[in-house]
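Here are a few notes to read alongside the model. Please keep the coordinates open as you go through the points.

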Amino acid sequence: MKTFEKFDSYLLNNKVLSANEKVVYIICKSFENAPQGCRVSHQYLMDRTGIKTRKTLIKCLDRLTLFGMLARKQIDNSTCHYVFEKELMQEYIKHNQNKRRKIKLSKNRNNPQFHQQTDNVIHIVKKDK
């Protein structure tokens with residue numbers, strides 16, 4: 001059985017988005033009406049789009065989030081849930097910001113390099129004779 005998706009021409013004619021970003025968006029959007037929503041792993045997207053590295057895929061997803069086209073939340077270690085409704089997008093973005101803030105705080109607590117004290121700095125100055 002073949003299925004067809006309908007997309008606005010602005011997506012295809014958009015000069016700001018790269019070809020990879022457009023394809024990633026179309027694939028994610030095609031799963032929007034799935035029973036559990038759009039839950040797609042990075043590996044699946046990489047296989048379907050031909051993107052070689054996870055870093056490139058995440059850049060595409062970050063740019064799509066930046067332009068307000070989708071938002072994602074990691075469900076478990078391998079799958080993300082993608083949403084396209086503005087209200088849910090705001091919730092997911094807040095969730096991700098809080099998660100990143102917690103990770104940053106835990107790194108600061110656990111890594112002594114981040115706790116360098118500048119009060120104990122001794123400045124050595126060469127004295128002219």
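1. Leaving aside its neighbours within four places in sequence, Asn96 is in contact with Arg72 and Lys73. Please keep in mind for this and every later point that the model is predicted. Asn96 itself belongs to helix α5, which spans residues 86–110.

2. A polar atom of the Asn96 side chain lies 2.7 Å from the backbone oxygen of Arg72. With a relative accessible area of 18%, Asn96 counts as buried, because the cut-off for that label is under 20%.

3. On the cysteines: how many disulfides does a search of the whole structure find? The search returns zero. Cys38 is in no disulfide, and the nearest cysteine sulfur, which belongs to Cys28, is 4.5 Å away.

4. Cys38 is buried, at 1% relative accessibility. Cys60 is buried too, with a relative accessible area of 5%.

5. Turning to the rings, the count comes to two aromatic pairs. Tyr25 and Phe84 make up one of them, with 6.0 Å from centre to centre and 85° between the planes, an edge-to-face arrangement. This pair links distant parts of the chain: Tyr25 sits in helix α2 (residues 19–30), while Phe84 sits in the loop between β3 (79–83) and α5, 59 residues apart.

6. Are the two members of that pair buried or exposed? Tyr25 is buried, with a relative accessible area of 8%, and Phe84 is buried as well, at 12%.

7. Phe31 and Tyr44 also form an aromatic pair, again edge-to-face, with 5.8 Å between centres and 80° between planes. This pair, too, links distant parts of the chain: Phe31 is in the loop between α2 and β1 (38–41), and Tyr44 is in helix α3 (residues 42–49), 13 residues apart.

8. The accessibility of this second pair is worth noting alongside its geometry. Phe31 is partly exposed, with a relative accessible area of 27%, and Tyr44 is partly exposed, at 31%.

Notes
Residues are numbered from 1 along each chain as its sequence is written. This is a predicted model: local features need pLDDT of at least 70, side-chain atom pairs count only at pLDDT 80 or more; totals for chains, interfaces and linings use all residues. Side-chain values use heavy atoms; hydrogens and water are left out. Helices (H or I, at least four residues) and strands (E, at least two) are DSSP runs, numbered from the N terminus. Buried means under 20% relative accessible area, exposed over 50%, partly exposed in between (1.4 Å probe, protein chains only). A polar contact is a pair of N or O atoms within 3.5 Å; within protein, one must be able to donate a hydrogen and the other to accept it, and residues adjacent in sequence count only if both atoms are side-chain atoms. Contact means heavy atoms within 4.5 Å. A disulfide is a pair of cysteine sulfur atoms within 2.5 Å. Rings of Phe, Tyr and Trp (its six-membered ring) pair if their centres lie within 6.5 Å; planes under 30 degrees apart count as stacked, over 60 as edge-to-face and the rest as tilted.
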